[in-house]
Amino acid sequence: QLYLSQNYKEAKKTYRKAAEEYFKTNGEENPELILNLSLAEYMDKDPLSCISSLERLRERRMLHVARFYFFYYRASCNLLLSKHLEAVEDLKKALAKSQDSEYHPLIHFKIAHAYYSLNRGEDGHPYLLQALNKDLTLIQQILDNPLYSKFTESSQGKSLISKYSLQVKQK
């Protein structure tokens, strides 16, 4: 309900309070509450708080899917902090933990973005291709960002842009 309203500041307060109450009552962290808190912090563009919240779960045993979100959220917050190498490491872990391939294009795209931000386009290129091959709509983000100019000028980039343009025209 808080996310539907997109009131992330209120969501942060609510989840922080709920997590504190749970800890007081049970003497341990609740991964679901902490993950929801960290997502609200990320969505509110508060990556330092997001990382801090996630650190509370660092050594905690979690379900496989919770561990996926832990790595994915931490990587996303690290990207906001321009900690690209840490983000790549966590995104690769999230990819390994992912049981749902619907996240793969976005994860590949974020890995590529981190590499391109580090001026390591040759490392990011294969991830960018994987992302676009699974979700061609990501091409718009590439076209809007000068970080990818070498890619958009390459023969593979031009081919994918053409393919995307044809799909848009057909709709």
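This is a predicted model: local features need pLDDT of at least 70, side-chain atom pairs count only at pLDDT 80 or more; totals for chains, interfaces and linings use all residues.
**Stop one: the disulfide**

Start by selecting C50 and C77 and showing their side chains. These two residues form a disulfide, with their sulfur atoms 2.3 Å apart. The pair joins distant parts of the chain: C50 sits in helix 4 (residues 47-55), while C77 belongs to helix 5 (residues 64-80), and 27 residues separate them. A disulfide is a covalent bond between the sulfur atoms of two cysteines. Turn the view to look along the link between C50 and C77: it is right-handed, with 90 degrees about the S-S bond. Are these cysteines buried or exposed? Both C50 and C77 are buried.

**Stop two: the nonpolar core**

Next, select L128, L132 and F151. Within the largest nonpolar core, which has 49 residues, these are the ones with the most contacts. Now colour helix 5, which gives this core its largest share, 9 residues. Then centre the view on L132. What does L132 touch, leaving aside its neighbours within four places in sequence? Its contacts are L138, I139, I142, F151 and L160.

**Stop three: a histidine**

Finally, select H104, which lies in helix 7 (residues 104-117). Why does H104 count as buried? Its relative accessible area is 17%, and buried means under 20%.

Terms used:
Residues are numbered from 1 along each chain as its sequence is written. Side-chain values use heavy atoms; hydrogens and water are left out. A disulfide is a pair of cysteine sulfur atoms within 2.5 Å. Helices (H or I, at least four residues) and strands (E, at least two) are DSSP runs, numbered from the N terminus. Buried means under 20% relative accessible area, exposed over 50%, partly exposed in between (1.4 Å probe, protein chains only). A nonpolar core is a set of buried Ala, Val, Leu, Ile, Met, Phe, Trp, Tyr and Cys residues joined through side-chain atoms within 4.5 Å. Contact means heavy atoms within 4.5 Å.
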